[in-house]
Amino acid sequence: SATDYKGYDCSYAGCPTGDNPVTIQQVNEVQSLEFVWGSGYFTLTFRENTTYPIYCNQTDAVLKYRLEELYTINTVSLTRIGNDSLRVCSNESVLLIEFITEFGDLPLLTADITHMQPASYSIDNPIVITEYRKGTKEDIECSGQGICIESTGRCNCVSNYMSSNGYVDSSGERGDCTFRNPLFYTSNKN
């Protein structure tokens, strides 16, 4: 991922952000897409990044792939409720999108339906997007378990904490100080 630069002259590098592993009982954001039968294609936008076209006759796996292609989304999980069709735009079904690696109360996805043809012209919007569950995980610099080295944009994690893959219990490449290393211990030798 690219480093964000900040400061009046953009000389300070922002560090990776993540969920504070000390806080508990938090949940990922889940948004719902309710489809009314249609054809054609649509796009989804999240934080000013827009997917390539998603055709109504494609599968949920394609929609997941298109979302994860965005620079602003890393990993999502999809669950379909209702009509268990193989088509993205299944009639009278809801698709739940859980944001696995984007934390906090997120902005809603937006849909461009310009190239969709609804089954009935009495339908104003063939896709309705709502917040199904508000995300409550923090999204803070160095996950609150490190100090940002602004000259490099890297976190200097406190003892016990390391880079994660977005989960508290897994190490990874995010550089965010979320993973608590269970093998680390401090001995107090005098």
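In which strand does Leu78 lie?

**View 1. Leu78 lies in strand β8.** The model shown here is predicted, with local features needing pLDDT of at least 70 and side-chain atom pairs counting only at pLDDT 80 or more, while totals for chains, interfaces and linings use all residues. Residues are numbered from 1 along each chain as its sequence is written, and side-chain values use heavy atoms, leaving out hydrogens and water. With a relative accessible area of 22%, Leu78 is partly exposed. That label covers the range between buried (under 20% relative accessible area) and exposed (over 50%), using a 1.4 Å probe and protein chains only. Setting aside residues up to four places away in sequence, Leu78 touches Asp60, Leu63, Lys64, Leu95, Leu96 and Ile97; contact here means heavy atoms within 4.5 Å. Look also for Glu98, which is 20 residues from Leu78 in sequence, with 6.4 Å between their C-alpha atoms.

**View 2. Arg66 has its place in helix α1.** Arg66 has a relative accessible area of 18%, so it counts as buried. Leaving out residues up to four places away in sequence, Arg66 touches Thr51, Tyr52, Pro53 and Ile54.

**View 3. Cys15 and Cys148 are joined by a disulfide.** A disulfide is a pair of cysteine sulfur atoms within 2.5 Å, and a search of the whole structure finds four of them. For Cys15 and Cys148, the S to S distance is 2.2 Å. The link of Cys15 and Cys148 is right-handed, with 85° about the S-S bond. It connects distant parts of the chain, 133 residues apart: Cys15 is in the loop between β2 (12-13) and β3 (17-18), and Cys148 is in strand β14 (residues 146-149). Both of these cysteines, Cys15 and Cys148, are buried.

**View 4. Cys56 and Cys89 form a disulfide between two loops.** Their sulfur atoms are 2.3 Å apart. The torsion about the S-S bond of Cys56 and Cys89 is about -60°, so this disulfide is left-handed. Cys56 sits in the loop between β7 (54-55) and α1 (60-69), and Cys89 in the loop between β8 (76-82) and β9 (93-99), so the pair ties together parts 33 residues apart in sequence. Cys56 and Cys89 are both buried.

**View 5. Cys157 and Cys177 are linked by a disulfide.** The S to S distance of Cys157 and Cys177 is 2.0 Å. Their link is left-handed, with -90° about the S-S bond. Because Cys157 is in strand β15 (residues 154-157) and Cys177 is in the loop between β16 (161-162) and β17 (179-180), the pair ties together parts that are 20 residues apart in sequence. What about their surroundings? Cys157 is partly exposed at 25% relative accessibility, whereas Cys177 is buried, with a relative accessible area of 0%. Numbering the bonded cysteines of the chain in sequence order gives the pairing 1-5, 2-3, 4-6, 7-8.

**View 6. Tyr41 and Tyr55 form an aromatic pair.** A search of the whole structure finds three aromatic pairs. In the pair of Tyr41 and Tyr55, the rings are tilted, with 5.0 Å centre to centre and 50° between the planes. Rings of Phe, Tyr and Trp (its six-membered ring) pair if their centres lie within 6.5 Å; planes under 30 degrees apart count as stacked, over 60 as edge-to-face and the rest as tilted. Tyr41 lies in strand β5 (residues 38-46) and Tyr55 in strand β7, so the pair ties together parts 14 residues apart in sequence. Tyr41 counts as partly exposed at 22% relative accessibility, and Tyr55 is partly exposed too, with a relative accessible area of 38%.

**Setting for the views. The chain has one helix and 17 strands.** Of its 190 residues, 37% count as buried. The C-alpha atoms of the chain fill a box of roughly 80 × 40 × 20 Å, taken along the principal axes.

Notes
Helices (H or I, at least four residues) and strands (E, at least two) are DSSP runs, numbered from the N terminus.
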